[in-house]
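Thanks, everyone; I would like to take a few minutes to go through one model with you, and please have the sequence and the structure in view while I talk.

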Amino acid sequence: MSRCRHPYHRPDHHRYAWIALAALGLAAAAAADPNGAAAPNPATAAPAATPAAVPEQSPQQPYYLPPSISPQARAFYEKALPMVLKAQAARPVAHTAADFQARRAALLTGVDERNAAALKKFGGTATDLSIGGVPVLEIKPPDYHDDGTVLIHVHGGGFVLDSAHSAMPGDALMAALTGKRVLSVDYTVAPEGRWPLVTDQVVAVYKAVLAEGHAGRSIGLYGDSAGGDIVAGSTLKLRDQGLALPGALVLLSPASDLGMGGDTFVTLADADPVLNRTDEIRTAFALYADPADWKNPYVSPVYGDFSKPWPPTLIQAGTKERVLSDSVRLYQAIKTGGGDAELDIYEGMAHVFQAYMTDTPEQKAAYAEIRRYWDRHLVPAGHSGRRTHKKT
């Protein structure tokens with residue numbers, strides 16, 4: 001078991017998380033929540049309570065809140081959704097690369113101050129590095145003990161937004177929770193960074209970490225939303241290059257089919273308060289990869305060949321998110337190919353809920369599963385245990 005503290009505090013408010021989420025409208029910029037990001041405490045996670053009656057909806061809050069979610073999650077939604085709706089109504093639809101670049105600049109404003117506050121709360125350090133010729137933000141937890149394992153993170157943001165620095169509070173939480181060193185890849189976002197470059201950057205960081213002396217089985221890769229897509233696509237690429245496979249992947253609400261062909265992209269379109277602007281999503285996806293490339297497995301890993309070796313993969317998603325089918329289909333593709341995968345779905349949760357559903361049983365349970373997965377599959381240096389990735 002890794003040595004770590006479980007930072008836990010009740011947030012003052014959730015304003016930054018959900019305003020960032022609303023401004024983004026695509027993925028979890030809300031991970032940068034220094035004003036309210038409470039670290040989950042797996043030891044105190046509890047099952048959601050079920051109220052007796054189905055609540056009525058109101059015009060001011062059109063998103064259905066099921067009675068099956070926890071009281072804490074319901075309270076969070078009731079407080080935050082009005083802010084989301086107001087911010088979205090005031091935000092013009094992004095139609096061009098310039099629109100996304102302006103939005104990204106606004107999201108990154110003040111990031112250093114927010115990160116300083118997050119480090120004060122979670123402890124640890126954050127250091128800018130260059131690994132494999134790629135900028136990386138290294139986050140170490142308090143009282144760090146190097147056991148030979150390391151986590152590589154690829155941030156979300158619809159391929160066009162965010163950075164390793166804006167994602168740092170979430171990485172600091174992951175580091176504090178697991179006791180592990182986190183390397184957050186500051187990849188080049190679209191349109192300057194398209195899929196061949198971005199996947200090459202992730203592979204370059206991974207190869208450099210191998211060259212540091214880490215065994216593949218001691219390295220975990222994780223990503224959220226677009227970052228989950230990039231992690232899976234980059235893993236297919238590094239596998240096809242004959243590199244040692246990582247010990248495990250954790251994919252949070254991965255967008256695994258840029259063609260948006262999944263059932264829930266249509267059926268949950270009115271249920272998702274995050275991914276509710278189809279034109280913006282298509283524009284962002286097209287800036288990352290031409291539509292002609294949307295079935296390339298390095299772009300849309302749901303089309304990958306999983307009959308070949310593949311690392312154990314934990315996929316988490318919520319029942320409210322429009323790309324739920326992307327998680328289901330990727331899980332089925334891995335399992336049908338003979339791979340080892342777990343699909344961990346959370347009732348009533350929206351896209352990348354782990355980043356902003358602070359102080360809820362759902363978030364705590366999700367992080368408990370993530371830590372369990374790392375502990376189960378990543379092999380510390382000097383241990384004889386081996387993780388195999390053969391067909392079963």
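Predicted model: local features only at pLDDT ≥ 70, side-chain atom pairs only at ≥ 80, totals over all residues.

Residues are numbered from 1 along each chain as its sequence is written, and side-chain values use heavy atoms, with hydrogens and water left out.

Let us begin with strand S2, residues 134-140, where strands (E, at least two residues) are DSSP runs numbered from the N terminus. Five of its seven residues are buried, so S2 is largely enclosed by the rest of the structure; buried here means under 20% relative accessible area, with a 1.4 Å probe and protein chains only.

S2 pairs with strand S1, residues 125-131, in the antiparallel sense over seven bridges, and two strands pair if DSSP finds at least two bridges between them. In the hairpin of S1 and S2, two residues lie between the strands, and glycine 132 takes a positive phi near 65°. S2 also pairs in the antiparallel sense with strand S4, residues 181-185, over four bridges. Isoleucine 139 of S2 is the bridge partner of alanine 126, and isoleucine 139 also stands opposite valine 182 in S4.

Now to the threonine: threonine 313 is in strand S7, residues 313-318, and it counts as buried because its relative accessibility is 0%.

Note on methods: Buried < 20%, exposed > 50% of the residue type's maximum accessible area, 1.4 Å probe, protein only.
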